[in-house]
Amino acid sequence: MWSFTLLSVLGIALQVPVVTAQDGSISGPTSSSSAAGYSCDPSQCQLPNCNCASTSPPGGLSPSDVPQFVVFTADDAIQSYTLDSVNQFLAQRKNPNGCPIKMTYFTSLNYTNYTLVTDWYVAGNEIADHTMTHVGTPPADEINGNIIALNALAGIPLDAIQGFRAPYLNYTAQTLQLLADVDFTYDSSSASSIPVTDPGTDAYWPYTLDNGLANDCLTVEGICKGLPKIPGLWEIPMYAFFDDLGVDGPHLMDPWLDTANGASSVNDTATFEYMKNTFTAHYTGNRQPIGLYTHPIHLSTTYPGVDPPNSTIQMINDYLDWVQMQQDVWIVSNEQLLAWVRNPVAISDLDSFEPLKCPTPQVDPSLSICNGIPQNEAGLLEECDFPDFPFFTCYGCPQVEVSPSNPNPPQQVPVGQQMRYRLPSNCSTPFWDPIAGSCLCQSSDCAFTDNSRPIGPNGANLTGGGTGGDGFNASDSAPTPTYINFNGASPVKLWSGSFVGMMSALAVGAFGVATGWVLVNA
């Protein structure tokens, strides 16, 4: 949903916190059948707007007729280095219909560059809500303010912001009610913490809260046993991986940061094996989704001070390569997954399933329009030079920094320029000209072209990816980089300063950065 840029230009050296621990880890089961006390009548709770928590595929489909979905999400700020981090895993991959991979970015605003939120959304990805300032158990203004600011400064349509994830996965029943109050479609903060091979597994397909929650019953007060009853609000559980310790060895967010099998140090080989084993358990069972839930800063190769092991990056790519070698596997966003769950179709009918296609906006590349397409918006971005979190936007700088109490401040109009126009509800982001205040095209028929291709007979003929290395061998040798940095080029905007502090919203360790230039994709 939202994004914010990370740049702090100071006159003194700044200690920069860097993530050294996970935000959203679990150490054991977070639920049980007895704690859940869950009951749902499938004859009364029917798709597309109601679904019981179940380990069986929706719509009565046989697992052999169900695609295996791998959800890819990212949390926190959107910046050039976080998008580069995501792209080193996804940029060269395609789904079985030839479409580029789409993912979900749960965006908080501190350190986010709004123009990159726009670009990421226009490229086809889902933007979701992660609060304005990354606070767990958030109040309403943190949730709602995020929506307002993303719409105003990144041009994300209000109705496109469908999902929410609580920072630190800290939420309450009241959090879920706040989401329903402003018509969110889904939450994805709960954990599936028991292996699918266990008879008491809590690896449910996405379900609605018409009959309460069935996950996290041991860790969150006031939920489960029929509570909270919020008809129509979906829960998309986060599906954990499990090492050789089984239920006592879960790995949820950024599993590559965890030690495996009770060891004292991280081992890429062990991580690779348990990720494959957990995938296989899903794939050969009821094909519940599985996910890669990431904080991209951990694996950024373009963020000063972060030096992820090349072997880990290669291991994750080799895992995704291996996954895409299996038949009928799709890497998707939460939005795409939920669209299929609400209207489940068999593998044989996926060719005509619209949410998995890749509609591409058709905009004349020679036009100068600030619309989230890099070749169109070059030279048109406004630089909002706030001392804490400077950023770029197509939609006009606010007079003051956004905050939960003031998520959409009045616009600051530079001398000799005119006020920019915010995105209206009747125009799509890539076709809105915020400088002229006009819409290039209001008809979906003339605006988008579908670039999907027929799915091959084995459901995997058009997949592929990786970084182009020689394959994972647990060594630290550098893979050959074949992915392309975000926007398809080297960073083009230079931000100067005698000392530049760069900080992640998930800060725990500290170091100082003293440099003369910071690269920002404009």
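**Disulfides**

I started with Cys 384 and Cys 397, which form a disulfide with their sulfur atoms 2.0 Å apart. For a disulfide I took a pair of cysteine sulfur atoms within 2.5 Å. About the S-S bond I read -95°, and this link is left-handed. The pair ties together distant parts of the chain, 13 residues apart: Cys 384 sits in strand 17 (residues 382-384), while Cys 397 lies in the loop between strand 18 (391-393) and strand 19 (432-433). Strands here are DSSP runs of E, at least two residues, and helices are runs of H or I, at least four residues, numbered from the N terminus. Cys 384 and Cys 397 are each buried, where buried means under 20% relative accessible area, exposed over 50%, and partly exposed in between (1.4 Å probe, protein chains only).

A note on ground rules: this is a predicted model, so local features need pLDDT of at least 70 and side-chain atom pairs count only at pLDDT 80 or more, while totals for chains, interfaces and linings use all residues. Residues are numbered from 1 along each chain as its sequence is written, and side-chain values use heavy atoms, with hydrogens and water left out.

How many disulfides does the rule give? The count is seven. I looked up Cys 45 and Cys 50 too, and found their sulfur atoms 1.9 Å apart in a disulfide. Their S-S torsion is about -105°, so I logged the disulfide as left-handed. Cys 45 and Cys 50 are both buried. Next came Cys 217 and Cys 224, a disulfide with sulfur atoms 2.0 Å apart. The torsion about that S-S bond is about -80°, so this disulfide is left-handed. Cys 217 and Cys 224 are buried as well.

**Around strand 4**

I then went to strand 4 (residues 104-107) and asked which of its residues are buried on each side. Thr 104 and Phe 106 are buried on one side, Tyr 105 and Thr 107 on the other, and both faces are covered. In a regular strand the side chains alternate between the two faces of the sheet.

Strand 3 (residues 68-76) pairs with strand 4 in the parallel sense over four bridges; I call two strands paired if DSSP finds at least two bridges between them. Asp 75 has Phe 106 of strand 4 as its bridge partner. Strand 4 also runs parallel to strand 5 (residues 126-129), with four bridges joining them. There, Phe 106 is partnered by Ala 128 of strand 5.

From strand 4 the chain crosses through helix 3 (residues 114-122) to strand 5, a right-handed β-α-β crossover. Right-handed means that, with the strands pointing away from the viewer, the path from the first strand over the helix to the second runs clockwise. Strand 3, helix 2 (residues 80-90) and strand 4 make a right-handed β-α-β unit too.

Is helix 3 mostly covered or mostly open? I found it mostly covered, with eight of its nine residues buried, among them Tyr 114, Leu 116 and Trp 120. Just after helix 3, Gly 124 takes a positive phi of about 115°.

**Whole chain and confidence**

I counted 10 helices and 25 strands. Buried residues are 58% of the 522. The pLDDT (the predictor's confidence in each residue, from 0 to 100) averages 86, and 82% of the residues score at least 70. Over residues 1-22 pLDDT stays under 50, and the model has 141 contacts beyond four places in sequence for this stretch; a contact means heavy atoms within 4.5 Å.
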